[in-house]
Amino acid sequence: MFKKITSNILFFVLICSVWTGVFFILPDFIDNPVNGITDFIVVVSYWGVVTLASYFLIYLFSINKYIFSIFFPLFSLLGSVIGFYRYTFKASLTPMLIDAVFNNDIGTSLDLISVELIIFVLISLIISIILIVYRFKMVIVKMQIVHLMFALIGITMSFSVSSRIKRSLFQRFPYNVYYSLSEYSKHQKLIHNGKIDFEPEFRFTSNTSDSLIVVLILGESARADHFSLNGYERNTNQLLSKRNNIYLLPNVFSEYTHTVRSLPHILTRADSVNENRAFSEKSFISLFNKSGYRTEWISNQDPADSYVYFMNECDTIIYANPEKNVYNYSNWYDTDLNPFVEKSLLKNYKNNLLILHSIGSHWYYNNHYPKEFEIYTPVTQSRIITKNVKEEIVNSYDNTILMTDFFIDQLIDILHDKNALLIYISDHGECLGEDGLWLHASDHAALKNPASLVWMSDKYIKMYPDKKVALEENQNKRWRTDFVFHSILSGANIPSISIHKDLDIFSIVEE
């Protein structure tokens, strides 16, 4: 009997994996919305897959007891910290969170350490020490090369089952440690990649005495035809409909239906003929910098390779919710961006460009509005889209539009007495069951008419009445998302030779 126990490394790894699965991995799944036993089984299955993948990693490092004695305490230390914050604050490890940690002062980081965290970490380390002692005294491993081979095969197979499983593994402990660090490192390298300065000789300083605030809101998955301001039968713009100086752009066309392609296209001189400019040139932010603007990117999404460079063209990057990712099913609101706007304006820079990257109407919709915005019911109960009926999905989606209405209205409140221009454009639309399609990133007309609008303050209109006249004439024309580059420079009165008047909503082009 003793010989059987001492030779059973697989049983020992199972003990370690169960401990890991319950205390370090389970926190990522307990907030998953489920509706019925089928959903519950699916969530448990995903938890099992992630735990199994950790099994093979622990297996790999437990073959040699000395390596295990170094690996497992570090593994438990990381797991306990990540698990604790996921349990208590719904915080996930992300590249944004790593960036925030590196850029926070020591005092801010120390404020996150609590007695509860220390106790949880100590318990984890004590258990890891017990398991190390057990490994030394009770587990004998023969044919280590064979075990090594099986462990490596297991890890490889875990990441080869499907791309969906691979993405899930990279967002959960322990593999999210590697993924987040590698993504952070990759983004830091991309920041320093050279892009073409399309106007190297450009220099301009505004000679107006009044300051100007230009705000660009990059929306997410908002369809123009679900804004009541554009004629939607539901009153999804209850607040903006009462505002003055709101101008709708109901006929905007987006060539791209996913964020990683649409944002570079919006921010640069890229157009249907010169698509490569989205990845080879700097954005309009570079001209704002040259014109003496204080530029800030305030984000409610994680950065992507395709636009992280443009984010870093700004003087400052702020992540409102750096601990969130698409596998995090907890409160994640765009109104979290507005306090950062207020704080920025208190610094009294003469001219400001603020780019707000919102989470908008990204799936899972219910995460992105509080309970009081649950006006249209019933709403979705499952994160698995096929487990919901169309009515529930549309209701939840429309509630996110209500939240976007509130978010923009609240932002206008902050800006209303200032010389300010606000442009809102969603990156693309969203499929809501048309032709059996859901969400985005497919080729469908429902995805290619993103919501867009412009708001001008009274002070702005008084200073630039011609821009209001032009916008009133242009608002119902058909535009591609190309218009943003040209219009935001024109709206800020930055005299760039790159502005094409026929792509500028603030210019009247004689027929």
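**A buried loop residue, a sheet and a helix**

Good morning. I begin with N367, which counts as buried at 8% relative accessibility. Buried here means under 20% relative accessible area, exposed means over 50%, and partly exposed lies in between, with a 1.4 Å probe and protein chains only.

Two remarks on the source are needed. The model is a predicted one, in which local features need pLDDT of at least 70 and side-chain atom pairs count only at pLDDT 80 or more, while totals for chains, interfaces and linings use all residues. Residues are numbered from 1 along each chain as its sequence is written, and side-chain values use heavy atoms, with hydrogens and water left out.

Where does N367 lie? N367 is in the loop between β6 and α16 (390-415). Helices (H or I, at least four residues) and strands (E, at least two) are DSSP runs, numbered from the N terminus. Leaving aside neighbours within four places in sequence, N367 is in contact with N328, Y329, S330, N331, W332 and Y333; contact means heavy atoms within 4.5 Å.

Let us turn to N328. N328 belongs to the loop between β5 and α15 (338-345), and is buried, with a relative accessible area of 1%. Residues up to four places away in sequence not counted, N328 touches D31, R86, K90, A91, S92, E323 and N367. The side chains of N328 and S330 are joined by a polar contact of 2.5 Å. Such a contact is a pair of N or O atoms within 3.5 Å; within protein, one must be able to donate a hydrogen and the other to accept it, and residues adjacent in sequence count only if both atoms are side-chain atoms.

Next comes the sheet. In what order do the strands of the open sheet stand? The 7 strands follow the order β2-β10-β7-β1-β6-β4-β5, with mixed pairing; two strands pair if DSSP finds at least two bridges between them. At the edges are β2 (246-248) and β5 (316-319), each with a single partner strand, so one side of each has no neighbour in the sheet.

Strand β6 (residues 351-357) pairs with β4 (residues 294-299) in the parallel sense over 6 bridges. In this pair, E296 stands opposite L354 and W297 opposite I355. Strand β1 also runs parallel to β6, joined by 7 bridges, and V214 stands opposite L353.

Why is β6 described as largely enclosed by the rest of the structure? The reason is that 7 of its 7 residues are buried. In a regular strand the side chains alternate between the two faces of the sheet. In β6, N351, L353, I355 and H357 are buried on one side, and N352, L354 and L356 on the other.

Finally, consider helix α8 (residues 144-158). Its 15 residues reach 21 Å from first C-alpha to last, close to the 21 Å expected at 1.5 Å a residue; the expected span is 1.5 Å times one less than the number of residues. Which residues of α8 are buried? They are H147, A151, G154, I155 and S158. These cover an arc of only 95 degrees around the axis, which puts them on the same side of α8; the arc is that of the directions from the helix axis to the C-beta atoms. The buried residues pack against α2 (9-25), α3 (37-62), α9 (163-170) and α10 (175-191). The face turned away from the buried side carries the exposed residues I145 and M157. Thank you.
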